[in-house]
Amino acid sequence: MGYREKMSRELRAKQFMPFAALKGHSEALREMERIPAPRKEFSEEYQEELDRGLRQIRRNDAVRIVYYADGEYREVIGNVSGIDQAEGTVTVGDNTIPVRDICEVVKIPV
């Protein structure tokens, strides 16, 4: 009988790792299961209140923003890192949000 070298623990562990034949398949299935939320229509009074809130925020202000993107409502909390009035966007951290998609903005007192 021939002598066989002992397999390293790392190589042995690789034998038992999960195998995904189709990369991204599980993510695609989860995306298909997601039911998109319809965009809410707001009253004129609410839109005016929202505009006032947006006009009051400045760079470096701590804010909580709820916005609509990709068929769902998302929330971001952080410091305003940029306001581009020409583009109509507000940037909080790494998130650049079109003003037209914002449905709630709250300035967080520090």
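**Reading the model**

Guide: Of the 110 residues of the protein chain, 23% count as buried. Buried means under 20% relative accessible area, exposed over 50%, and partly exposed in between (1.4 Å probe, protein chains only). This is a predicted model: local features need pLDDT of at least 70, side-chain atom pairs count only at pLDDT 80 or more, and totals for chains, interfaces and linings use all residues. Residues are numbered from 1 along each chain as its sequence is written, and side-chain values use heavy atoms, with hydrogens and water left out.

Visitor: How many helices and strands are in the protein chain?

Guide: There are three helices and five strands. Along the sequence they follow the pattern α-α-α-β-β-β-β-β. Helices (H or I, at least four residues) and strands (E, at least two) are DSSP runs, numbered from the N terminus.

Visitor: What is the accessible surface of the protein chain?

Guide: About 9,400 Å², of which 51% belongs to carbon and sulfur atoms. Accessible areas come from the Shrake-Rupley method with a 1.4 Å probe; for residues, only the protein chains shown count as cover.

**Buried residues**

Visitor: Why is threonine 89 called buried?

Guide: Its relative accessible area is 15%. The limit for buried is under 20%, so threonine 89 qualifies. Threonine 89 lies in strand β3 (residues 89-92).

Visitor: What does threonine 89 touch?

Guide: Leaving out residues up to four places away in sequence, threonine 89 touches Gly82, Ile83, Asp84, Thr96, Ile97, Pro98 and Val99. Contact means heavy atoms within 4.5 Å.

Visitor: What makes aspartate 61 buried?

Guide: Its relative accessible area is 16%. That is under 20%, so aspartate 61 counts as buried. Aspartate 61 lies in the loop between α3 and β1. Residues up to four places away in sequence aside, aspartate 61 touches Gln56, Gly78, Asn79, Val80 and Lys107.

**Exposed residues**

Visitor: Why does asparagine 60 count as exposed?

Guide: Asparagine 60 has 58% relative accessibility.

Visitor: How far apart are glutamate 41 and cysteine 103?

Guide: They are 62 residues apart in sequence and 9.6 Å apart in space, C-alpha to C-alpha. Glutamate 41 is found in the loop between α2 (25-33) and α3. At 72% relative accessibility, glutamate 41 counts as exposed.

**Charges**

Visitor: What makes arginine 39 and aspartate 101 a salt bridge?

Guide: The closest N and O atoms are 3.2 Å apart. A salt bridge is a side-chain nitrogen of Lys or Arg within 4 Å of a carboxyl oxygen of Asp or Glu, so the pair qualifies. Arginine 39 lies in the loop between α2 and α3 and aspartate 101 in the loop between β4 (95-98) and β5 (102-107), so the pair ties together parts that are 62 residues apart in sequence. Aspartate 101 is buried, at 13%, whereas arginine 39 is partly exposed, at 43%.

Visitor: How many salt bridges does the structure hold?

Guide: Six. In one of them, glutamate 104 meets arginine 64, at 2.7 Å from N to O. Glutamate 104 lies in strand β5 and arginine 64 in strand β1, so this pair ties together parts that are 40 residues apart in sequence. Arg64, Glu75 and Glu104 are linked in a network of salt bridges.

Visitor: Which residues gather in a patch of negative charge on the surface?

Guide: Glu44, Glu45, Glu48 and Asp51. Patches are made of residues with over 30% relative accessible area and no salt bridge: like charges are joined within 9 Å, nonpolar side chains (Val, Leu, Ile, Met, Phe, Trp, Tyr) within 5 Å. Lys and Arg count as positive and Asp and Glu as negative; His and the chain ends are not counted. The place of a charge is taken as NZ of Lys, CZ of Arg, CG of Asp or CD of Glu.
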